[in-house]
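My notes are below the display.

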Amino acid sequence: MLIVTCGEHEIDGAVAMSAAACAGLRVKRLAPMSEQLVAALEARPTVVLACREGSAAVAATRVPCRVFGDHPGMAWRRMLELTHAGGAA
Ligand SMILES: [Zn+2]
């Protein structure tokens, strides 16, 4: 799992890291402007979670991946949270 969050969404990234650790997933976290982003995406993570800025950065790389983020054409990452909250919105 790859998490791409900016400083403004630090808490979202920390929650995602914590959830991934609890689930026993191998997880890496990068900032949207990280020079390692393309290489991390090309390593084919199972899933990418990204904030708005992270989503834009991931989309800009044009590396195909399964991403949940806040960007046109992407599954909305908050949908996952709603799913795990038992559908209560
Ligand atoms: Zn952000």
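I kept in mind that the model is predicted.

**Helix α1**

I looked up α1 first and found it at residues 10-22, with 13 residues. I checked its reach from first C-alpha to last: 18 Å, close to the 18 Å expected at 1.5 Å a residue.

Which residues of α1 are buried? I noted D12, G13 and A16. Seen down the helix axis, the buried residues of α1 fall within an arc of 95 degrees, so they line one face. I then turned to the face pointing away from that buried side. There I listed E10, I11, S18, A21 and C22 as exposed.

What do the buried residues of α1 pack against? I found β1 (2-4), β2 (28-30) and β3 (48-50).

I also checked what follows α1. G24 comes after the helix, and its phi is positive, near 75 degrees.

**The sheet**

I traced the strand order next. Four strands make an open sheet, β2-β1-β3-β4, with parallel pairing. I marked β2 and β4 (67-68) as the edge strands, since each pairs on one side only.

V4 has A50 of β3 as its bridge partner.

**Helices on the sheet**

I recorded α1 as packing on the sheet, where it touches β1, β2 and β3. The direction of α1 makes about 170 degrees with that of β1.

I then looked up α3, residues 52-61. Helix α3 also packs on the sheet, touching β1, β3 and β4. I noted about 130 degrees between the direction of α3 and that of β3.

Note on methods. Residues are numbered from 1 along each chain as its sequence is written. This is a predicted model: local features need pLDDT of at least 70, side-chain atom pairs count only at pLDDT 80 or more; totals for chains, interfaces and linings use all residues. Helices (H or I, at least four residues) and strands (E, at least two) are DSSP runs, numbered from the N terminus. The expected span of a helix is 1.5 Å times one less than its number of residues. A residue is buried if 20 or more other C-beta atoms lie within 10 Å of its own, exposed if 12 or fewer, and partly exposed in between; C-beta atoms are placed from the backbone. The arc is that of the directions from the helix axis to the C-beta atoms. Two residues are in contact if their C-beta atoms, placed from the backbone, lie within 7 Å. Two strands pair if DSSP finds at least two bridges between them. Axes are lines fitted to C-alpha atoms, for helices over the stretch in contact, and angles run from 0 to 180 degrees between N-to-C directions.
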